[in-house]
Amino acid sequence: MVSPGALLAAIDGVGADRRRGGFSRHVFDDAERQLREWFVEQAERRGLQVTTDRNANIWAWWGEPGDDAVVTGSHLDSVPGGGAFDGPLGVVSALSAVDLLQERGFRPRRPLAVVVFAEEEGGRFGVPCLGSRLLAGTIDADRARALRDPSGVTFAEAMSAAGADPSRVGRDEEALRRIGQFVELHVEQGRGLIDLDRPVAVASSILSHGRWRFRFSGQGNHAGATLLADRRDPMLPAAELVVAARRAAGSVADGRATVGRLVPTPGGTNVIASTVDVWLDARSPQDADTRSMVADLTGAARELAAAEGCEVEVVEESYGDTVHFDPAFRDRLSGLLDGAPVLATGAGHDAGILAAEVPTAMLFVRNPTGISHAPEEHAEDDDCTEGAHALARVLEHLDH
Ligand code: GLV
Ligand code: MN
Ligand code: MN
Ligand code: MN
């Protein structure tokens, strides 16, 4: 077996972000395309047959592609300045698990596939899990094609530039029929396994979560020549919304609200902004709580904007209800893996999208820093190897 650690080391230079630290690998950019090519080469080296579906997700088949396959995989893209493990660990662990099974002389009775989903983080076009949402039809195809990256390039244009056909994106019954069960391995994005002193867990649930863009509009003007009384500065309600979001999250059970991205236009030190875009990421265990948090913040944003003579427009960019992974499937895998602990997560995953369509489970590998979406995200080689062994056991078990 080539270990997950060795495979990750092989792609370590790809998409390294010297300005932010960590990695910036976004769908169809040079780094992500390089990783896709690397994956195809690794899959073919293992005798897997590679296809790309209508939604730019890559599939590597052991045996003939067919219905009711055992499928594993994750994504290769990252957040801006992200860690090395979120996404790639699930992909390389799948390759390592294939190595282990091939070394054992295992011959799958059912089709087995490794999948790489496109734009899981939404780091370029703003909608997370775009490849799996398109596959499942939970985002409108026209809307997806028209999504724009920060430089104005549409998803359709980026797909075409990468040699793919954007006219065919959308719910893909054939690809869905081919998934009998889906198992995604992922680096843990919290401290659960550190506290339990265990290397591998099985996932129970994902928080409801979504993204909203608040656009505050005022009057661009001169920073020195404009009296305070004459200003309509959209940065004021924007800043107050950031603080209100933290308070709102604290007012619901296990709520989380984050503003990680805020863009003033035109963005000059001596310029009162004409608009400020604020992206809110809100999550909680209960759909109703997440919804009411965002409704309250929308009301607050209107009042804050009006107080400064500004306007605000609010757009929901994505949303997903709370996901509870199939409890019987989850418990079966926990039993198979010597009573692996069962953990909930606050992070979104393609597995969360697929769970509405097919029996789906997730495995987590311990992250000794407890940090994710940042360069400090980590997993020890030994734990990654343990994860690959666990995944191989799961794949073998499911092949019946
Ligand atoms: C993706 O990792 C997310 O949960 O935002
Ligand atoms: Mn992530
Ligand atoms: Mn991920
Ligand atoms: Mn994710």
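Reply: We begin with the terms for elements: helices (H or I, at least four residues) and strands (E, at least two) are DSSP runs, numbered from the N terminus. This is a predicted model, in which local features need pLDDT of at least 70, side-chain atom pairs count only at pLDDT 80 or more, and totals for chains, interfaces and linings use all residues. Residues are numbered from 1 along each chain as its sequence is written, while chains are lettered from A and ligands numbered from 1 in the order in which they are written.

Me: Which residues does a cis peptide bond join, and where is Pro266 placed?

Reply: Thr265 and Pro266 are joined by a cis peptide bond, with omega about 10°. Pro266 belongs to the loop between strand S9 (256-265) and strand S10 (271-272).

Me: Which residues does UniProt list for "binding site"?

Reply: UniProt positions are given in the numbering used here, feature names are shortened, and annotations may be inferred rather than shown by experiment. Under "binding site", an unreviewed UniProt entry lists Asp86, Glu121 and His373. They span 288 residues in sequence, yet no two of their C-alpha atoms are more than 9.8 Å apart, so they gather at one spot.

Me: Where does His373 lie?

Reply: His373 is in the loop between strand S15 (360-365) and helix H13 (381-398). His373 also has a positive phi of about 55° without being a glycine. Because it has 19 C-beta neighbours inside 10 Å, His373 counts as partly exposed.

Me: Which residues are in contact with Asp86 and with Glu121?

Reply: Two residues are in contact if their C-beta atoms, placed from the backbone, lie within 7 Å. Leaving aside neighbours within four places in sequence, Asp86 touches Ser78, Val187, Ser372, His373 and Glu377 by this criterion. With neighbours within four places again left aside, the contacts of Glu121 are Asp77, Ser78, Val79 and Pro128. Asp86 is buried because it has 27 C-beta neighbours inside 10 Å, and Glu121 is buried with 22.

How values were computed. Buried ≥ 20, exposed ≤ 12 C-beta atoms within 10 Å, placed from the backbone.
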